[in-house]
Amino acid sequence: MTHRFGTVVLLGPPNAGKSTLLNKVLGQKVAIVSSKPQTTRNQITGILTEDDAQIMFLDTPGVHRLRGKMNRYLLQAAWNAAESADVMVVLVDAYLYTQKPHLLDKELQPLLKKVATTDLPVYIALNKTDVIKDKKNILPLIQYFTKTWPNAEILPISAAKGEGVDRLLESVKQHLPECPAMFPEDQLSTVPLRFMAAEIVREKLFVGLRNELPYTTAVEIEDWEETEKMTTISAAIYVARDNHKAMVIGKGGQNLKKIGHDARLDLKQLLGTKVHLELWVRTRRGWTEDVPFLQSIGLTGGMDM
Ligand SMILES: Nc1nc2c(ncn2[C@@H]2O[C@H](COP(=O)(O)OP(=O)(O)OP(=O)(O)O)[C@@H](O)[C@H]2O)c(=O)[nH]1
Ligand SMILES: [Mg+2]
């Protein structure tokens, strides 16, 4: 039997469902998900092991046009991932574009050049089809992509429901080089556990905090101690301004309590032990522009990962 191994990069605008797709493919959560755009900030890997293939997926930050140092790093992480892949899967929120077709050109412009000039096989996954009631509405999107990206193959999917995902997997697999598996079959990711733990806390900030606040928060694990039955984790939540501290903590500590509670449940599952989680909110003024700090929390544009 032929065995294949290769890398598939998931690219697309923010909020398209890239991380949802990665988790669905693996059948386990390795990437955090929220209804807010720009949830993913690093290159996240997920390893799928099957009898005839092992596929390394690279989940990336959504490709967008925003100013600032952190956003430049986010974009760089996505492009670096694309450079190292064998296949490119571009995910788009098809439901959004059936509602607002005028956003198509605007949101996909930054991806267009990459897709048009790549030698890699490209798949466009029209995602969120589960919420498109009248499937006829997908046709204009297929026409749009056939015209603008003639080198790509188009597949409607629902990452959340898993519809079309097997077909996508079978298609991408055919393009991977013949090669033995590179990772043990039970390895799900190359992302360190400590980083995953920080991500879980960050997900709860994205889900639990309102408005723009999550975009100026970051999480760093400060201390980690484990025994067979218990993991004790101390994590810092960084905010960019003093007055954000009170907003994260909430009235009577309500927000922070909920964030801690929800994060602890996920951490318990991830680590398979009881978890004691301590959260500290710290101010680091203007951290989104502070390059050494960005590097210290792993936002280096995917350079060192
Ligand atoms: N209805 C529906 N919702 C979906 C589907 N896939 C993703 N979503 C939702 O879309 C939102 C964004 O999903 P993510 O997986 O975080 O999207 P992303 O592309 O990783 O976003 P960034 O990391 O911000 O670039 C979440 O609320 C998901 O639950 C889908 O197939 N159907
Ligand atoms: Mg994501």
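Buried means under 20% relative accessible area, exposed over 50%, and partly exposed in between, with a 1.4 Å probe and protein chains only. The model examined here is predicted: local features need pLDDT of at least 70, side-chain atom pairs count only at pLDDT 80 or more, and totals for chains, interfaces and linings use all residues. Residues are numbered from 1 along each chain as its sequence is written, chains are lettered from A and ligands numbered from 1 in the order in which they are written, and side-chain values use heavy atoms, with hydrogens and water left out.

By this scale His 64 counts as buried, at 10% relative accessibility. His 64 sits in the loop between strand S3 (53-59) and helix H2 (69-83). Helices (H or I, at least four residues) and strands (E, at least two) are DSSP runs, numbered from the N terminus. Contact means heavy atoms within 4.5 Å. Not counting residues up to four places away in sequence, His 64 touches Pro 14, Gln 38, Asn 71, Leu 74 and Leu 75. Two polar contacts were computed for the His 64 side chain. A polar contact is a pair of N or O atoms within 3.5 Å; within protein, one must be able to donate a hydrogen and the other to accept it, and residues adjacent in sequence count only if both atoms are side-chain atoms. The His 64 side chain reaches the backbone oxygen of Gly 62 at 2.8 Å. It also meets the side chain of Asn 71 at 3.4 Å. Ser 35 is 29 residues from His 64 along the chain, and their C-alpha atoms are separated by 16 Å.

Gln 38, one of the residues touched by His 64, lies in the loop between H1 and strand S2 (44-49). Gln 38 is buried, with a relative accessible area of 16%. Its phi is positive, at about 60°, although the residue is not a glycine. Asn 15 also has a positive phi, near 75°. This residue belongs to the loop between strand S1 (4-11) and H1. Asn 15 is partly exposed, at 30% relative accessible area. Most residues other than glycine have a negative phi.

Ligand 1 has 23 residues around it. A residue is near a molecule or strand if one of its heavy atoms lies within 4 Å of it. Lys 18, Thr 20, Gln 38, Thr 39 and Asp 130 come nearest to ligand 1. By class, the shell has seven nonpolar, twelve polar and four charged residues. Ala, Val, Leu, Ile, Met, Phe, Trp, Tyr, Cys and Pro count as nonpolar, Asp, Glu, Lys and Arg as charged, and the others, Gly among them, as polar. Helix H1 (residues 18-26) supplies the largest share of the shell, three residues.

Oxygen atoms of ligand 1 take part in several polar contacts. A polar side-chain atom of Lys 18 lies 2.7 Å from one such oxygen. For a polar side-chain atom of Asn 127, the distance to a ligand oxygen is 3.1 Å. Ser 34 contributes a polar backbone atom, 3.5 Å from an oxygen of the ligand. The protein covers 87% of the 660 Å² of accessible area that ligand 1 has on its own (Shrake-Rupley method, 1.4 Å probe).

Ser 19 is found in helix H1. Ser 19 is buried, at 8% relative accessible area. Its contacts, not counting residues up to four places away in sequence, are Ala 31, Ile 32, Val 33, Thr 40 and Asp 59.
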